[in-house]
There are 2 protein chains.
Amino acid sequence: MDFTQIAKDPHCGARTGKIATPHGEVATPAFMPVGTQGTVKALTPEQVRALGAEIILGNTYHLYLRPGHRLIAAQGGLHRFMNWQGPILTDSGGFQIYSLGTLRTITDEGVDFQSHIDGSSHFLSPESTVEIQEALGSDIMMCLDECIPYPATRDEAEAALGRTARWAARCKSSRRNHSQALFGIIQGGVYPDLRRLSAESLLEIGFDGYALGGLSVGEPKELMLENLAATTPLLPENRPRYLMGVGTPEDLVDCVYHGIDMFDCVMPTRSARNGLLFTNGEKVVIKNARNREDGSPIDSACDCYTCLNYSRAYLRHLYVAGEILAMVLNTIHNLRYYLRLMERIREAVREGRYWDFRKRFLKERKDAEVIGLE
Amino acid sequence: MDFTQIAKDPHCGARTGKIATPHGEVATPAFMPVGTQGTVKALTPEQVRALGAEIILGNTYHLYLRPGHRLIAAQGGLHRFMNWQGPILTDSGGFQIYSLGTLRTITDEGVDFQSHIDGSSHFLSPESTVEIQEALGSDIMMCLDECIPYPATRDEAEAALGRTARWAARCKSSRRNHSQALFGIIQGGVYPDLRRLSAESLLEIGFDGYALGGLSVGEPKELMLENLAATTPLLPENRPRYLMGVGTPEDLVDCVYHGIDMFDCVMPTRSARNGLLFTNGEKVVIKNARNREDGSPIDSACDCYTCLNYSRAYLRHLYVAGEILAMVLNTIHNLRYYLRLMERIREAVREGRYWDFRKRFLKERKDAEVIGLE
């Protein structure tokens, strides 16, 4: 894996670049649609690609449990199994396991957990998550980290970042396939000095890219940005920076400002399945009665297949009738909204006007919010 | 609407032809995927078209109740509403209403029924079903008929066919838009002489095409074929013949033999959503453990998108994980199976070898069934 910075905004940390992987290139800043169980929910890979996605995310926890990484490896790896020819990033499984709450126990060795599917017992270590991700054959693997909730004490944050660093070193030494990149994950809660400490310890080990974990887990947005601002300047220019699990369109625009290159989030796809549709103006709740006889598209400025061919009236009908096509068309729209936003972000950075772009975008969304409340 | 017979098999009733409608031509014998609520479940119209479908069916009962025919008319008609540019046939709504059982009452005037959605009361007459179908703007409308269950006495069958003829006459006189074709429906239960009587009474009124209703409702297949054989020879060569709600692949092949030109059935789409996949060999139950590690496609002889790109192992995984994409990929395969069968049927008729084609096809399926049982 190779990262090349192409342009950097003179007024802030925003930058654009290119990640080269064994399965093709990814223009950054990039948004990765989430393909939890070996599919970006409701879409074919061709539909995902046509929306402008260049890389998708696979969830190691889910794929390990079902259908199993060995089965996927025997089927030729995740790319072939799911018919996605582009780059794939897999997470470590850690975040999903922490979200299991009482169903898991963490020790220095790793994490004991019970499957949410059948209650069976499993153990995930730094070594085994690398082994699983190597079996899946992703282009970018993530280290196992310890993610803490918000709020957490300074002591808890310090303990977690220490363990995260030790686990990261074990991940790195256990890898066998060097054509798959490996990213370290910076922890440290909402304590900027601990974030810096965590970053330094990972830099010392050395990774192909650096992720920020444990943010957007309930803390005020200002704290997230403050911690970003404290961390990204320490990271090398020639390595991509990935903010895990973030976020709203405003979050993406704000975090690119602080030098983030990669994002993933279930928000566009999950919202779509719940009938919540993104536009630069109001967020459309498709089942609302006001859409009943509305012959206009979700967003007349949108270039997606759904907006070019279907009315709100039709989409409301499909949603209310519980039709599968509602999920398909809504997902197409929301993902295109996110991916088009990334295109606009990259263009603004390339043209040296990110500062201005961000100001306008946030004002537009703010105004829309106010109109929505009226 | 115009029907042209192109070729007829010398040894049986099988024929191939072309229906010209305001939204394009349909090669017959044709299978119409069912688009109950303004969507062929799980697929975009482009996907449906790419499978070889030239005409789809819309359900008047469902569309009348939700979102309502007036709303669809205000949105530019059903074609535009659902983004299907090809021909559409709409049924009368009668069959769905009879299926409501105790929720409906039939008189000479029409049918009182309660909505399965909210229990509200509605009345459907021969006149109102034409009005609704004219609002939907389908290319082919169906008359309201009285469908009887199997078994039914001769007296019941006779009463129903009489009412069906009176209703058909009222449908014809109430139509206002003559660019939409209107088909009459032949009833008569499983009594060949009553079928002939029903056909004669409809021929006297005169329709753009003739459908056979009330078959494949539980009677032995031999009775269905006997009644078909008694009816189709009476029907004019220059009008299409439509067997409603039929059937299995074997049914299609057998009924084309008796001169049927058009079919519709939820079997391929509904089976797909239940993970039952058609092949010329065994019917594949995708969730079965035997598919767990099977890297081969559903059917290596199939040319559909699903078979060209996905393994049984992947399809089983999607199905077991409850993924929406399972419904999409399974529906694509089953519909392609049906539509490709129709292509093969048309080709066999055109080349004067339908007799032989049918014999081989039925033997192949029979053998497969025997293998499946072993």
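Because the model is predicted, local features are given only at pLDDT of at least 70 and side-chain atom pairs count only at pLDDT 80 or more, whereas totals for chains, interfaces and linings use all residues. Residues are numbered from 1 along each chain as its sequence is written, and chains are lettered from A and ligands numbered from 1 in the order in which they are written. Chain B can be laid on chain A by a turn of 180 degrees, and chain A is divided into domain 1 (2-265) and domain 2 (272-373), with bounds that come from an automatic or database domain assignment.

**Relation between the chains**

- Among the residues of chain B, B:Ile324 comes closest to the rotation axis, with its C-alpha at 3.6 Å.

**Interface between the chains**

- In the interface, 29 residues of chain B are in contact with 29 residues of chain A, where contact requires that the C-beta atoms of two residues, placed from the backbone, lie within 7 Å.
- On the side of chain B that touches chain A, the elements giving two or more residues are helix 3 (69-74), helix 4 (78-82), helix 13 (312-320) and helix 14 (324-350) of chain B; helices (H or I, at least four residues) and strands (E, at least two) are DSSP runs numbered from the N terminus.
- By class, that side of chain B has 15 nonpolar, 10 polar and four charged residues, with Ala, Val, Leu, Ile, Met, Phe, Trp, Tyr, Cys and Pro counted as nonpolar, Asp, Glu, Lys and Arg as charged, and the others, Gly among them, as polar.

**Domains of chain A**

- The centres of domain 1 and domain 2 of chain A, taken over C-alpha atoms, are separated by 27 Å, and the contact between these domains takes 26 residues from domain 1 and 25 residues from domain 2.
- Strand 2 (15-21), strand 4 (30-32) and helix 10 (249-257) of chain A each supply at least two residues of the side of domain 1 that touches domain 2, and helix 10 of chain A gives the most, with six residues.
- That side of domain 1 of chain A has 18 nonpolar, four polar and four charged residues.

**Strands of chain A**

- An open sheet of nine strands in chain A has the order 4-15-14-13-12-11-7-6-5, with parallel pairing, two strands being paired if DSSP finds at least two bridges between them.
- Strand 4 and strand 5 (34-35) of chain A stand at the edges, each with a single partner strand, so one side of each is left without a neighbour in the sheet.
- Strand 4 of chain A pairs in the parallel sense with strand 15 (residues 262-264) of chain A over three bridges, and A:Phe31 stands opposite A:Phe263 in strand 15.
- Strand 1 (residues 2-8) and strand 2 of chain A run antiparallel and are joined by six bridges, forming a hairpin with six residues between them; the bridge partner of A:Gln5 in strand 2 is A:Gly17.

**Core and the surroundings of A:Phe183**

- The largest nonpolar core has 224 residues, and those with the most contacts inside it are A:Phe183 and B:Phe183; such a core is a set of buried Ala, Val, Leu, Ile, Met, Phe, Trp, Tyr and Cys residues joined through C-beta atoms within 7 Å.
- Strand 12 (residues 181-186) and strand 13 of chain A pair in the parallel sense over four bridges, and A:Gly209 in strand 13 is the bridge partner of A:Phe183.
- A:Gly209 and A:Ala211 point one way from strand 13 (residues 209-212) of chain A, A:Tyr210 and A:Leu212 point the other way, and all are buried, a residue being buried if 20 or more other C-beta atoms lie within 10 Å of its own, exposed if 12 or fewer, and partly exposed in between, with C-beta atoms placed from the backbone.
- A:Phe207, found in the loop between helix 8 (192-205) and strand 13 of chain A, is buried, with 20 other C-beta atoms within 10 Å.
- Leaving aside its neighbours within four places in sequence, A:Phe207 is in contact with A:Leu182, A:Phe183, A:Gly184 and A:Leu202.

Technical notes
Copies are superposed by least squares on the C-alpha atoms of residues with pLDDT of at least 70 in both.
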